[in-house]
Amino acid sequence: MDTRTRTALATALVAALSLGAAACSGGKKADDGRGAENPATANNGAVVGGTPQRGGTLTVLSNQDFTHLDPARNWVMSDMDFGTRLLYRTLVTYKAEPGASGGELTPDLAEDLGVPSNGAKTWTFKLKKGLKYEDGSPITAQDIKYNVERSFSPDLPGGPDYAARYLAGAEGYQGPSQGKQLDSVKTPDAHTIVFELRKPFAEFPYATVLPTFAPVPKAKDNGPQYDNRPFSSGPYKIESYARDKQLTLVRNTHWDPKTDTVRKAYPDKVVMTMGLKATQIDDRLIASSGGDASAVQWRKLSPESTSKVLTRAEVKARLLAESSNCTEMVQMHTGRAPFDNVKVRQAVQYALDREAVTTASGGPALNDPATALMPGSLFAGKQPDSLKIPLTGDVEKAKQLLKEADRAGGFSTSITVSNGDKGVGEAIQQSLGRAGIKVVIETVDPSAFYDTIGDTKNRTDLVYTGWCPDYPSGSTFLPFVFDGRYIKEKGNSGNHSLFRDDATMKRMDEIAAMTDAAQANKAWQELDGQILAKAPTAPAVVERMPLLIGTNIAGAFGHTSFGGQLDYATIGLKDPSRSGS
């Protein structure tokens, strides 16, 4: 690597890290332009409960199962947090720290953050020595290559597709099942892996945080069934897993903390109990009695429980509400009538009552109405408002747009929402109904939600879902949500509006080719407004992740790079003897 490449690369990565700091500052409400501290966010940027003690059982109370634990398929923020912090390690990971520091990278399986060459089109990683799986066998570079390759398999849909987008010669590759390998991923020895990209990618180390870059030994791979029992390279291994009921993790005695500066592995055991009602979880943690004192919740606090928490100082002190850094949207099937008409889509944007959606999501204490596609962290802290639509919507403007689209009488459609978002679905239903758009709500269990809306032929016209940048760059948001070249019939992710716009895709390619990070950042921000004007989605809210913890929990904070979810790398118990283990 020559000096010119080194300088350009350093500039790009420093700019990305600076964006990371902006992404994390919102929790402290320092410079977001909204004034006084949010009453629900007093614990943002701080570790709650002090330093944990080693031992005991950490209980996780959940209303759902995971979408996927197979690292080739794991692309939901909370699931990635759980998987990469407890079960498997990746080449690079995020620091286990609250606030801005949580957006910084640190080596994990690799010795460093990767060495670029060939103008950042080639990246080389050296693995640390002494890395072992749960059975004591060595972790090799070939195992990481194998998992990258299996992420292309048609029978393993739903996972991150950075490899497909960036690796050279990846077009048409269908995974390793037929004995075929990717020539652009090389393993000259057991401790070295080299990635050859089709274009320069200075941010590649951020991509290697994703579960795609975790090791999977070929001998343990059993296709879709691997989802039920990933082979551990992290501090815990699966003792038992009854889908939709309970997952129990115990220590992986072959994990060596000397090779791992991130994961503290305080509890002896982690037990996730699934299938509980959301409000039941809230009430148990509010009471925090018995074993529930050593418990945390998996999904966010229910909107109907907000007042029970915020009005009681002792309970509120146990509430974390880090920004999810995710924009929730009504995504419209742009390839299906009537949503193939831009005026119909714009009518939805104008009819949507974001104030009602914010209220249904838990109120303004836990959510911010969205005015753009990308979250504020990618706009130096605050989303722009290019459309200037009132928070409660503009029904007359919506009706006028429907008239211009020859839909003056309105029409009927349907929307898919997760079970936990039924109230949000009703707010959307009532909003659009004011303009004559009759909406039928279909609810889906959270663990099946992404598979359901990822079935592009059989899904509803509308879906309510969001997107979170995988790391602080517009390149991880707009292309994944609006590039039509990566739409899949099954396991479709991100682009749930099925938006295919030639001008947009051409501009994405132009921005991706920019070598000046500041110029690219500005271009992504401009493209955000251009896409919004074409109305493939109607932005609704940028949510916080309100999570209540038990009174015996220590080391707890919402990690900004994992959608505000608890960082399972450092959480534990104040007094392990109280957990009943």
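**Reading the model**

Mentor: Begin with Pro205, which touches Val92, Leu105, Leu113 and Trp123 once residues up to four places away in sequence are set aside. Keep in mind throughout that this is a predicted model.

Trainee: Where is Pro205 placed, and is Pro205 buried or exposed?

Mentor: Read the secondary structure, then the accessible area. Pro205 sits in helix H5, residues 204-207. A residue counts as buried under 20% relative accessible area. Pro205 has 2%, so Pro205 is buried.

Trainee: How far apart are Pro205 and Gln349 in sequence and in space?

Mentor: Sequence separation and spatial distance are read separately. The two residues are 144 positions apart in sequence, and their C-alpha atoms are 37 Å apart.

Trainee: Gln349 belongs to helix H9. How many residues of H9 are buried?

Mentor: For a helix, go through the residues and apply the burial cut-off to each. H9 covers residues 342-351, and eight of its ten residues are buried, which makes the helix mostly covered. The buried set is Val344, Arg345, Gln346, Ala347, Val348, Gln349, Tyr350 and Ala351.

Trainee: What do the buried residues of helix H13 pack against?

Mentor: List the buried residues, then look up their contacts. In H13, residues 446-453, they are Pro446, Ser447, Phe449 and Ile453. The elements they pack against are strand E14 (411-418), strand E15 (437-444) and strand E16 (462-467).

Trainee: Which backbone atoms does the side chain of Gln383 approach?

Mentor: Gln383 is in the loop between strand E13 (367-369) and helix H11 (395-404). With a relative accessible area of 13%, Gln383 is buried. A polar atom of its side chain lies 3.0 Å from the backbone nitrogen of Thr371, and the side chain reaches the backbone oxygen of Met374 at 2.7 Å. Leaving aside neighbours within four places, the contacts of Gln383 include Thr327, Pro369, Gly376 and Val542.

Trainee: And the chain as a whole: what does the radius of gyration say?

Mentor: Compare the value with the one for a compact globule. For 581 residues that would be near 25 Å; this chain has 23 Å, which agrees. The C-alpha atoms fill a box of roughly 70 × 55 × 45 Å along the principal axes. The chain has 16 helices and 19 strands, and buried residues make up 60% of the 581.

Trainee: What remains to be read on surface and charge?

Mentor: The accessible surface comes to about 21200 Å², with 50% belonging to carbon and sulfur atoms. The 67 positive and 67 negative charges have mean positions 1 Å apart.

Methods:
Residues numbered from 1 in each chain as written. Predicted model: local features only at pLDDT ≥ 70, side-chain atom pairs only at ≥ 80, totals over all residues. Heavy atoms only, no water. Helix = DSSP H or I, 4+ residues; strand = E, 2+ residues; numbered from the N terminus. Rg over C-alpha atoms; globule rule 2.2 N^0.38 Å. Buried < 20%, exposed > 50% of the residue type's maximum accessible area, 1.4 Å probe, protein only. Areas by Shrake-Rupley, 256 points an atom, 1.4 Å probe, with all protein chains shown as cover. Lys, Arg positive; Asp, Glu negative; His and termini not counted. Charge placed at Lys NZ, Arg CZ, Asp CG, Glu CD. Contact = heavy atoms within 4.5 Å. Polar contact = N/O pair within 3.5 Å; in protein donor to acceptor, adjacent residues only side chain to side chain.
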